[in-house]
Amino acid sequence: MRKNKLSNAIILVGLAILFILAPLLYPNQSVPFQMMAYMALAQGINLLYGFTGYLPFGYVGFFGSGAYGVSVLVLLLHWSVIPAVIGGGLVAVAVALLLSPLLRLSGAYFSIGSLAASEIVYYIVSNPNMQNITQGPYGVNLAGVYAPNTSYYAMLVILLIFTAVVMYVKNSTFGMSLLAIKEDPVSAAMCGVNVVRNRVVIWLASAFAAGLAGAVYGWYVSVFYPSSVFDLTISIFAIVFTLFGGGGTVLGPIVGTIVLYGLYNTIGVSSPQYFQLIYGLLIVVLVMFLPQGLTSLLKRRGINVP
Amino acid sequence: MSTFLFAVVSGILFGVFFSLMAIGLNFAFGVMKIVNLAHGDFVMLGAFGAYYALTVFGVNPFATMLLEIAVFLVVGVGLYYGIIPRLLRSDDPEMLSLILFFGISQVIEALATLAFGTNPVTLPTNALGQLSVQLFGQAFGSSWVIGFLVSVVAIGLLYLYLYKTKMGIATRAVMANRNEAAASGINVNRISAVAFGIALALAAVAGVLTPFMLGGIYPSVGVNLTITSFSIIVIGSLGNPVGTVVGGLVYGLSLLLMQTYLSSWANMVPYVLLILILLIKPSGLLGKGARNA
């Protein structure tokens, strides 16, 4: 346990140093910013998929809800921006609460059901009839609160918090109970685990991560459209990064995001099809030969991965 | 009133076409318990096949259809032997197949984008032939009527295969219980490989009709087609081919009625139907056992 605490502390401090130094070393601040956003999303997916086996294809629905939550709170209700960001995260939690009956479904049903749910949220937000509230398909402009440096560090804080949450869940009895439910919900229930409550708690926590990430993303870019914050590619990237690194570990999503988002940034921006081809093939190879992700290579050699 | 009748009849024409699109996905699930998330991408490839055959070589779409059926059958059988036996041996084949076919879908979409570009392509609607139908004083376009007829024939042939041929009866045995079918001497792998080939061939037939039924075709349309197909088979019950026809009709009718009366919300139809059915009756309209987590 003490060993875990030490390695967890090293990971958190390492992440903080990496992203504090990154804008100084890398000319374009938005690249490390987006990497942090994807890393936070990957940790959110990790909370859900790594510990319960639910794979939410519609995860971006919470990200978009967060971004639109912050825009409505700032533009319509004139909140100041930090409470609005937290409010945006809570909007995503509210959406998740509304969608929590989805957890009754299993496997593919859940994945595609959540995808459909996020499309519904997208169509509601982007509908021209909603122009008074969300400005429909025409996008929102948060230029009044635009603050790239502050929002950059806000994203870092969110990333660190949710990495710490993953660490907590991984080493707590709560996390153990989730893993027990993942293996066999009936047996877990018979051992006194509250299956429904635990699943809902981790589902809401995961949605909160995406909502906060989306809210800060909206604040950082300050001009965005429904099609850009509800873009399915965001879900897909976060899922692929998590799967690549390995779910159920603290390090997996971090490594996955650094490697694959780094790759995306090198080749994906100019020719996204080649990147899509590479990660498509990568998924196929992973499922066939390494279903537990990169970090399982270390685990197989008996090395403990935090 | 005539608007309503027009919406209902077109809903039925459309619905049966969507049943055809979804039935391959359902058939593969019924036999192998895998979710082919690349199904819509195979439909998209079939559509581009028809487009290039007609515009470059001047081949009639029906000839393309026969050719594509043969090609997709072979591809399906090959793909089956390449990946699925290995998947079925793993701990959680349903979830892994979902992720794996999601990867395949991304590969197909990327290759299609490299090959065809991102701009939508369309075909003239009269390329399928002329066959206009008058009903209730309304004229229905020939492409819709022909698309409907081809869909009925293709679904009928699948039905004949399943109920009248020896292979088909063996396929139904595998659908009912894979292990017991194997124990009674059925070559489960061969049956499943052919079933996967047929599933892709059905996607190809739907694909050839797609440019005529839905208009513009572009590489990323595959995801939407997969979700729509999945909604339809869930509405009708996974693994039940008759249910898919019911699901297609429910979808077609609701889509066309929404487009007629509430057009700005019509895009949401497949998603809302899917969520409603998943939450109210996850086993589908014709399903027996529920599949709760």
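This note goes through the confidence of the model, the contact between its chains, and some helices and loop residues.

1. The structure is a predicted model, in which local features need pLDDT of at least 70 and side-chain atom pairs count only at pLDDT 80 or more, while totals for chains, interfaces and linings use all residues. Residues are numbered from 1 along each chain as its sequence is written, and chains are lettered from A and ligands numbered from 1 in the order in which they are written.

2. On confidence, the model scores ipTM 0.80 and pTM 0.86. The mean pLDDT (the predictor's confidence in each residue, from 0 to 100) is 88 for chain A, where 99% of the residues reach 70 or more. Within chain A, helix α10 (residues 195–221) has the highest confidence, at a mean of 94, and helix α6 (residues 131–134) the lowest, at 79; helices here are DSSP runs of H or I with at least four residues, and strands are runs of E with at least two, numbered from the N terminus. Chain B averages a pLDDT of 85, with 91% of its residues scoring at least 70. Over residues 289–293 of chain B the pLDDT is below 50, although this stretch has 14 contacts in the model beyond near neighbours in sequence.

3. The contact between the chains takes 35 residues from chain A and 37 residues from chain B, where two residues are in contact if their C-beta atoms, placed from the backbone, lie within 7 Å. On the side of chain A that touches chain B, the elements giving two or more residues are α5 (107–126) and α14 (272–289) of chain A, and α5(A) gives the most, with twelve residues. By class, that side of chain A has 23 nonpolar, ten polar and two charged residues; Ala, Val, Leu, Ile, Met, Phe, Trp, Tyr, Cys and Pro count as nonpolar, Asp, Glu, Lys and Arg as charged, and the others, Gly among them, as polar.

4. Helix α12 (residues 232–245) and helix α13 (residues 251–268) of chain A pack at an angle of about 115°, with their axes 7 Å apart; the axes are lines fitted to C-alpha atoms over the stretch in contact, and angles run from 0 to 180 degrees between N-to-C directions. The residues of this contact divide into nine nonpolar, five polar and no charged. Among those that meet are A:V240 and A:F241 in α12(A), and A:L260 and A:Y261 in α13(A).

5. The buried residues of α13(A) include A:I254, A:L260 and A:Y264, a residue being buried if 20 or more other C-beta atoms lie within 10 Å of its own, exposed if 12 or fewer, and partly exposed in between, with C-beta atoms placed from the backbone. These buried residues pack against α2 (30–52), α12, α14 and α15 of chain A.

6. In chain B, the buried residues of α2(B) include B:H39, B:F42 and B:Y51, and what covers the buried residues includes α1 (2–32), α3 (61–88) and α8 (188–214) of chain B. After α2(B) comes B:G58, whose phi is positive, near 70°.

7. Two loop residues complete the picture. B:G185 sits in the loop between α7 (178–183) and α8 of chain B, and counts as exposed because it has 8 C-beta neighbours inside 10 Å. A:L290 lies in the loop between α14 and α15 (295–300) of chain A, and counts as partly exposed because it has 17 such neighbours inside 10 Å. The C-alpha atoms of A:L290 and A:Y225, which are 65 residues apart along the chain, are separated by 37 Å.
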